[in-house]
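Q: I have this model open and would like a close look at one part of it. Could you walk me through the sheet of chain B, strand by strand?

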2 protein chains.
Amino acid sequence: MALVHHPVVDKNGQTIAAAVTSLDLHDIARAARTYGADRFYVTTPLMDQQALVASIIDHWVRGAGAHYNPDRRVALDLIRLQPSLQAVRDDMASLYGRPPQTVVTSARMADSDIDDAGLRTLVRKGGPLLLIFGTAWGLAPELIAQADFRLAPIEGRGDYNHLSVRSAVSIILDRVCR
Amino acid sequence: MALVHHPVVDKNGQTIAAAVTSLDLHDIARAARTYGADRFYVTTPLMDQQALVASIIDHWVRGAGAHYNPDRRVALDLIRLQPSLQAVRDDMASLYGRPPQTVVTSARMADSDIDDAGLRTLVRKGGPLLLIFGTAWGLAPELIAQADFRLAPIEGRGDYNHLSVRSAVSIILDRVCR
């Protein structure tokens, strides 16, 4: 899995680099560990944000937090910091011997080409797979266009689908990996 | 739904009143709206915490936040502040003409007596139903004992089940209400 902070869009559709939210790292790492993800990549090109991510990991994996809450350590130990999605792909290619298939998620996916059942089939096939989530108002259009697959949006009981990325990750992992 | 801040337990099993986390209100309200919950009760007996919840609701439902992000307003408008779970039950009894059936959740439920399928059946039956989540390290044992039903814990792909309450709410609503 990867949580992307750039390029993402703001509420007006402009491409931005979003700030890292500490609770995203905690919640998504815990969900990733619960559902058996190999790694949880956090990508940001901003040096100060990379330093923030590194300090959070350091506190909870090696520092006082690891002693205070070992369950949190086990989760945050899945996090890998990378400057870009391309760097994630490169890292996975060297780890698994070939580049991953990529699946992007969005609450406003106009042209999805895979649903939960299709993604479940991909997961069961094995082979490196990268599930990509965006912060702020979602992944930039060029990232969505470049992926191998576009996952259909989560639907609830009506037209409202403004879940947090923390909720969306949890729900998709539960649907696909449990 | 209700998010309880007292009585809950800390990591040592001692009963405490947990502090309110702003992001709990946002994430859970957004999930509640997505999956069609009627109301999202937040309970705390602490006056300063009640004031905090009131100020968050005020900002996003009636203040500058409502203009900045109308989708957030629609979600946080579901929140009802109450001092205790008994006050929630009384409020629901006066709203629906009879008290709700209550379902408690916990990651460490030793004696669950309902699973997702059972809860889905309860929801479909109609009638007032209150789904109760705890903050900190979970609901106090006496709250769990008093409920009509104890929901089986969420299971992922292994022994690790340390999801945030934000993730747990999202997953349970998706399993039961979509």
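A: Happy to; what follows goes through the sheet from its order to its strands, and then steps back to the chains.

A word first on what you are looking at: this is a predicted model. It scores ipTM 0.96 and pTM 0.97.

Let's start with the layout. In chain B, 6 strands make up an open sheet, in the order E5-E4-E1-E7-E6-E8, and the pairing is parallel. At the edges sit E5(B) and E8(B), the latter covering residues 149-150, and each of these pairs on one side only. Helix H1(B), residues 22-34, packs on this sheet and touches E1, E4 and E5 of chain B. The direction of H1(B) makes about 155° with that of E4(B).

Of its 6 residues, 6 are buried, so E7(B) is largely enclosed by the rest of the structure. Burial here means that 20 or more other C-beta atoms lie within 10 Å of a residue's own. In a regular strand, side chains alternate between the two faces of the sheet. You can follow this in E7(B): Leu129(B), Leu131(B) and Phe133(B) point one way, while Leu130(B), Ile132(B) and Gly134(B) point the other way.

What lies on either side of E7(B) in the sheet order? The neighbours are E1(B) and E6(B). With E6(B), residues 101-104, E7(B) pairs in the parallel sense over 4 bridges. Here Thr102(B) is the residue opposite Leu130(B).

Now cross E1(B) to reach E4(B). E1(B) covers residues 2-4, and its pairing with E4(B) is parallel, over 3 bridges. Ala2(B) stands opposite Tyr41(B) of E4(B). E4(B) itself runs over residues 40-43; Phe40(B) and Val42(B) point one way from it, Tyr41(B) and Thr43(B) the other way, and all are buried.

28 residues of chain A are in contact with 28 residues of chain B. On the chain A side, helices H1 (22-34), H4 (70-76) and H8 (165-177) each supply at least two residues, and H1(A) gives the most, with 7 residues. That side of chain A divides into 9 nonpolar, 10 polar and 9 charged residues.

Finally, a few whole-chain values for chain A. Its average pLDDT is 96, and 100% of its residues score at least 70. Chain A has 8 helices and 8 strands, and buried residues make up 42% of its 178 residues. Its radius of gyration is 16 Å, which agrees with the value near 16 Å for a compact globule with 178 residues. The C-alpha trace of chain A spans about 45 × 40 × 35 Å along its principal axes. Among its contacts between residues at least 6 apart in sequence, 77% join residues at least 24 apart.

Conventions
Residues are numbered from 1 along each chain as its sequence is written. Chains are lettered from A and ligands numbered from 1 in the order in which they are written. This is a predicted model: local features need pLDDT of at least 70, side-chain atom pairs count only at pLDDT 80 or more; totals for chains, interfaces and linings use all residues. Two residues are in contact if their C-beta atoms, placed from the backbone, lie within 7 Å. Ala, Val, Leu, Ile, Met, Phe, Trp, Tyr, Cys and Pro count as nonpolar, Asp, Glu, Lys and Arg as charged, and the others, Gly among them, as polar. The radius of gyration is taken over C-alpha atoms; the globule rule is 2.2 Å times the number of residues to the power 0.38. A residue is buried if 20 or more other C-beta atoms lie within 10 Å of its own, exposed if 12 or fewer, and partly exposed in between; C-beta atoms are placed from the backbone. Two strands pair if DSSP finds at least two bridges between them. pLDDT is the predictor's confidence in each residue, from 0 to 100. Axes are lines fitted to C-alpha atoms, for helices over the stretch in contact, and angles run from 0 to 180 degrees between N-to-C directions.
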